[in-house]
Amino acid sequence: MYLKLLLTFAYIGSFTFGGGYSMLPMFQRELVDKRKWLTESEVTDLFSIGQCLPGIIAANTAVFAGYKQKGVLGGIVAALGVVIPPAIFILVLAAFFTNFADLLIVQKAFTGLRVCVSILIINAVLKLRKNAVIDLPTVCIFLVIFVLAVYMLLPVAVLIALAGVSGIVISTIRKKATPPDSPAPPDSPPPPDSPAPPDSPDGGAR
């Protein structure tokens, strides 16, 4: 199982480009559709938790997913799997990038890569929206946080805390507004069996 965890997350780390939320479709395909290790809502929740923590969101999500399968060691193995392949690629690229960064063809290639990464992130956002923005209160939270984030009015940590508190408040209001289910009336006991009539005495001839 540990080897399967390592290979699965190494595959995710090797063939997912763009990082961050652009990795969400690969996580969903490998962990939800193919392996059945997580549900789609669990992957969304793990990404949300990973975003709230410092560090790489892919590694944070991998730790949670691996821990769910095989505990602490599973989380460590999953994190190593998702981090090691990109680290190797970056080390190899860094050895040559400084020599080719000023080439016109390399700069044009990065222009196209930025567009591709933007589309991958938009695709991940649309997938997250299915399980996140589901009704009017969540739409309101989305719009407020979106405006605050776009215009950088508050730090990211404050936005995350604000969204979390808003969710708690909305859930509490909903719970208070929902009338409690009236308890079902107890089943009436069955009527007691009526006693059988006594046997009539033997009416023989006198």
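I call a residue buried under 20% relative accessible area, exposed over 50% and partly exposed in between, using a 1.4 Å probe and protein chains only.

**Entry 1: ground rules.** I am looking at a predicted model, where local features need pLDDT of at least 70, side-chain atom pairs count only at pLDDT 80 or more, and totals for chains, interfaces and linings use all residues. Residues are numbered from 1 along each chain as its sequence is written, and side-chain values use heavy atoms, with hydrogens and water left out.

**Entry 2: the overall layout.** I looked up the secondary structure and found seven helices and zero strands. Helices (H or I, at least four residues) and strands (E, at least two) are DSSP runs, numbered from the N terminus. Along the sequence, I read the pattern as α-α-α-α-α-α-α. The chain has 206 residues, and 23% of them are buried. Its accessible surface comes to about 14700 Å², with 71% belonging to carbon and sulfur atoms; such areas come from the Shrake-Rupley method with a 1.4 Å probe, and for residues only the protein chains shown count as cover.

**Entry 3: a bent helix.** Where is the kink in helix 4 centred? I found it at K70, with an angle of about 145°. The bend at a residue is the angle between axes fitted to the seven residues ending there and the seven starting there. I then checked the span of helix 4 (residues 57-100): its end C-alpha atoms are only 29 Å apart, while a straight helix of 44 residues would span 64 Å at 1.5 Å a residue. The expected span is 1.5 Å times one less than the number of residues.

**Entry 4: the core.** A nonpolar core is a set of buried Ala, Val, Leu, Ile, Met, Phe, Trp, Tyr and Cys residues joined through side-chain atoms within 4.5 Å. The largest one here has 24 residues, and F9, I12, F27, L31, L38, V43 and V82 touch the most other members. Helix 1 (2-15), helix 2 (24-34), helix 3 (40-52), helix 4 and helix 5 (104-132) each give two or more residues to this core. Helix 4 supplies the largest share, eight residues.

I followed L31 next. Contact means heavy atoms within 4.5 Å. Not counting residues up to four places away in sequence, L31 touches T8, F9, I12, K36, W37, L38 and A65.

I also looked at S14, which sits in helix 1. S14 counts as buried because its relative accessibility is 16%. Beyond its neighbours within four places in sequence, S14 is in contact with P85 and F89.

Entry 5: Most residues other than glycine have a negative phi. K36 is not a glycine, yet its phi is positive, about 60°. K36 lies in the loop between helix 2 and helix 3 and is exposed, at 63% relative accessibility. M152 has a positive phi too, about 50°. I found M152 in the loop between helix 6 (136-150) and helix 7 (156-177), exposed at 70%.

**Entry 6: salt bridges.** How many salt bridges does the whole structure hold? My search finds two, where a salt bridge is a side-chain nitrogen of Lys or Arg within 4 Å of a carboxyl oxygen of Asp or Glu.

- E42 and K68 meet at 3.8 Å, N to O. E42 is in helix 3 and K68 in helix 4, so the pair ties together parts 26 residues apart in sequence.
- D135 and R174 meet at 2.3 Å, N to O. D135 is in the loop between helix 5 and helix 6 and R174 in helix 7, so this pair ties together parts 39 residues apart in sequence. R174 is partly exposed, at 40% relative accessibility, and D135 is partly exposed at 22%.
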